[in-house]
There are 2 protein chains.
Amino acid sequence: MIRPAYRTLDPAGIRAFLAAQPALAERLGGSRADWRVREVSDGNLNNVFLIDGPAGGVCFKQSLPHVRVDPDWKMPLDRTTFEAAYLRAVRPHVSDLTTELLHFDPDLFALVVESLDGHVVLRHGLMQGGDWPEAAAAIGRFVARATFPTSPLALPFEQASALLAPFARNHTLTRITVDLVLTDPYHAHPRNHWLSPELDATVADLRADPAVRRRAGHMQARFLTCRQALLHGDLHTGSIMVAAHDTRVIDGEFALPGPIGFDCGLFVGNLLMHLFATPTPEGRTRALRDIAQFWTHFRRDFITLWTDAVTRGRSGDAYAAPLFRDDPASLRQVQDQFLADIEADTIAFAALEIIRRLTGYAHVADFDALPDRTVRAARQQAVLRLARDLLADPTHIPTIAALSALAAARVA
Amino acid sequence: MIRPAYRTLDPAGIRAFLAAQPALAERLGGSRADWRVREVSDGNLNNVFLIDGPAGGVCFKQSLPHVRVDPDWKMPLDRTTFEAAYLRAVRPHVSDLTTELLHFDPDLFALVVESLDGHVVLRHGLMQGGDWPEAAAAIGRFVARATFPTSPLALPFEQASALLAPFARNHTLTRITVDLVLTDPYHAHPRNHWLSPELDATVADLRADPAVRRRAGHMQARFLTCRQALLHGDLHTGSIMVAAHDTRVIDGEFALPGPIGFDCGLFVGNLLMHLFATPTPEGRTRALRDIAQFWTHFRRDFITLWTDAVTRGRSGDAYAAPLFRDDPASLRQVQDQFLADIEADTIAFAALEIIRRLTGYAHVADFDALPDRTVRAARQQAVLRLARDLLADPTHIPTIAALSALAAARVA
């Protein structure tokens, strides 16, 4: 059979594509003429459509041969392949916290997942002053349950290695992270931009600080050599959909093996930016609550999964069960140390995320909530200085609790 | 073409195999009847033969479907595949310090390398009181030159990832390391044995020490999650051949991506065992000299390679050149930190190597140099206690220099 060539599907093409898949057509109900197709592309990379039929809805996502927001930036199509593989790998562990993969077409690089119509993107919801008191705890649970079971703490190393190996080939999107998140903001690069001239001096200070550059270099090495578990790889507040009692992580196309603190750090970094961008005291209180909730639930769930695995004698080859099964005090000590290392990574990656989102290529919308340019510049400057301090002297801010206290003082 | 099935070659089969390869036959000279075939199998796993002809010699190595020294321990054949791949990967960087790969037959899992007839195995040579003053420095150079160029410090991460990925599939031999080196010695396992009853109490103390088990667990995680570079994976003194002014690393079948301190630690651990096993003051002086020489040359060469790469703007994605090219003081600081981390790993892996070689499955011959069983037990006890102290309180022995001073005091 000759595989059809790739083509970017328009709404008519999407209708035909879905109609050709009996399970999808049945899920939508009626016939293709009854389906409503709406483009909801929001991220920088892909086309996304919601399709509603009489019986239900689905979400259709397709890779483009270029960056969606910059057609001159050419890009391989395989990113939906990694998103589909990520959903298959983590869904058994986080079924209530991500989306069901309904179909993947490897020729069209097209993915169909359950529709979350009715949910909102967490970043947009927060910017509009909404509150989802359960969301941050759910994300903590998500990271614990997506990383522990995919690590050699839980698996024989052969299984962990086989599970992680395909994701190490996610070169296209990992290159974006390496360049845009970890490197470009620390030297002069034409992709960088910021609120100018207000932040010119702050950015110049940041770039001139050798301690910041040393720590950025160290975190580059952590990101590229520390292969603890399967990561989502892009866990900012724009990759999370929320409803009243439902939280879902989407957009796993950046998935890669790496340090668990990278997923944690992106989420915490985006909460910190929201903290400094939100115009109300209530918003700030909730942002600090969310940071604390996230870390508490991540840490507790990760340790619970680990302890259960060791107790049942079914943990992996790292911290092997025979060494710790009969010594819960030692298990607790190695868990505390392991989580403290993740905590340090989290704080550093959060700082790098803040810096790249305010001085690099792809910015966040959160500060649009501050219409006064002077206020916006002051808040951005404050959070950039916080990020600089986190990187320059990590021993002074070793915990999420200390980070939150410092952030609360600076934002007040 | 139908590939011939695997068969274990006997000397007649080896003659026929070599005669069928024109380049190898020419290297040996004469005809197959003129060739002398000698079995020199010495390691635990494979068959090894030296073949000499009128014009020259070659070394023939073939995987067996079981552990050579234990035919009941079945094993896949692919280990020579990894040895051939390792030689191909590192030879461009260490051409004077390993052996030339002359031929690899993937059906017979047979490897032909240049013959080192005239060299001796370093472990055997040291046991006989020999001295190779250049060898430890050469091994330091070897580790620096085999690891830096295969790491994301030197390579764009895509290239490092592609180079390392095949070695992450070396599951059979990595399983041996995970079990025999990193796990079994820390709990009751039927494969463990030791000089009994003399060492019974020492081994019981070691197993009962929770700080030792915690550190062993931590090093399991380092070994399995820290993917810094391509490692040799079995760099003990039995994997090194020496002549007066020539040092060669052989037996790369355990090659895998991992923490650089693992290669360093196996070598240092074996030098420490030799230090405690050698019966003469001169032997001890030379063993301490070798530890110092190894570390000095490894560290210096690694940093030189790194600085050159950054200066030329051609380093990898970890500690990316744009951040450090114009700031040599910061480069020096991150190098010192990176090397201090390798040093800590080296000390811990050296301790684990000592413990497994005296209380695990595969022991070293070095202590056979002490015919008096009481003396042998006392020296083994002393080096085991040193290993325990290295693991239990790493902050007190943070450097190779401190380790050497402590070892010198304990062995005196």
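A:Asp251 sits in the loop that links strand S11 (246-249) to strand S12 (256-258) of chain A; helices (H or I, at least four residues) and strands (E, at least two) are DSSP runs, numbered from the N terminus. This is a predicted model, in which local features need pLDDT of at least 70 and side-chain atom pairs count only at pLDDT 80 or more, while totals for chains, interfaces and linings use all residues. Residues are numbered from 1 along each chain as its sequence is written, chains are lettered from A and ligands numbered from 1 in the order in which they are written, and side-chain values use heavy atoms, with hydrogens and water left out.

Although A:Asp251 is not a glycine, its phi is positive, at about 60 degrees. With 22% relative accessibility, A:Asp251 counts as partly exposed (buried means under 20% relative accessible area, exposed over 50%, partly exposed in between; 1.4 Å probe, protein chains only). A:Phe109, also not a glycine, has a positive phi of about 50 degrees. A:Phe109 belongs to the loop between strand S6 (101-105) and strand S7 (110-114) of chain A, and is buried, with a relative accessible area of 18%. Most residues other than glycine have a negative phi, and most peptide bonds are trans.

In chain A, the peptide bond from A:Ser196 to A:Pro197 is cis, with omega near 10 degrees. A:Pro197 is placed in the loop between helix H7 (171-181) and H8 of chain A. In chain B, B:Ser196 and B:Pro197 are joined by a cis peptide bond, with omega about 10 degrees, and B:Pro197 lies in the loop between H7 and H8 of chain B.

## Symmetry and interface

Chain A is superposed on chain B by a rotation of 180 degrees with 0.0 Å of shift along its axis (RMSD 0.0 Å). The two copies are thus related as by a two-fold rotation axis. The superposition is by least squares on the C-alpha atoms of residues with pLDDT of at least 70 in both copies. Of the residues of chain A, A:Cys226 comes closest to the axis, at 2.4 Å (C-alpha). The same surface serves both copies, as 100% of the contact residues of chain A recur in chain B; contact means heavy atoms within 4.5 Å.

The contact takes 37 residues from chain A and 37 residues from chain B. Between them the chains bury about 3,500 Å², of which 59% is on carbon and sulfur atoms; buried area is the accessible area (1.4 Å probe) that two parts lose on being put together, summed over both. A:Phe157, A:Arg214 and A:Leu323 supply 18% of the area that chain A buries against chain B, more than any other three residues.

## Helix H14

In chain A, the 20 residues of helix H14 (residues 373-392) should span 28 Å at 1.5 Å a residue, and the end C-alpha atoms are 28 Å apart, which agrees. The expected span is 1.5 Å times one less than the number of residues. At the start of H14(A), a side-chain oxygen of A:Asp372 reaches to within 2.8 Å of the backbone nitrogen of A:Thr374.

Buried residues of H14(A) include A:Arg376, A:Arg379, A:Asp389 and A:Leu391. Their cover includes helix H8 (200-208), helix H9 (210-225), helix H10 (260-277), H11, helix H13 (328-359) and helix H15 (400-411) of chain A. In H14(B), the buried residues include B:Arg376, B:Gln380, B:Leu384 and B:Leu391. At the start of H14(B), a side-chain oxygen of B:Asp372 comes to within 2.8 Å of the backbone nitrogen of B:Thr374.

## Nonpolar core

The largest nonpolar core has 209 residues, among which A:Phe298, A:Trp306, B:Phe298 and B:Trp306 touch the most other members. A nonpolar core is a set of buried Ala, Val, Leu, Ile, Met, Phe, Trp, Tyr and Cys residues joined through side-chain atoms within 4.5 Å. Not counting residues up to four places away in sequence, B:Trp306 touches B:Phe148, B:Leu153, B:Tyr319, B:Leu331, B:Val334, B:Gln335, B:Phe338 and B:Leu339.

## Individual sites

A:Arg286 is in helix H11 (residues 281-311) of chain A and, at 23% relative accessibility, counts as partly exposed. Leaving aside neighbours within four places in sequence, A:Arg286 is in contact with A:Gly129, A:Gly130 and A:Asp131.

B:Asp184, in the loop between helix H7 (171-181) and H8 of chain B, is buried, with a relative accessible area of 4%. Beyond four places in sequence, B:Asp184 touches B:Asp179, B:His189, B:Arg191 and B:Asn192.

Note on methods
A polar contact is a pair of N or O atoms within 3.5 Å; within protein, one must be able to donate a hydrogen and the other to accept it, and residues adjacent in sequence count only if both atoms are side-chain atoms.
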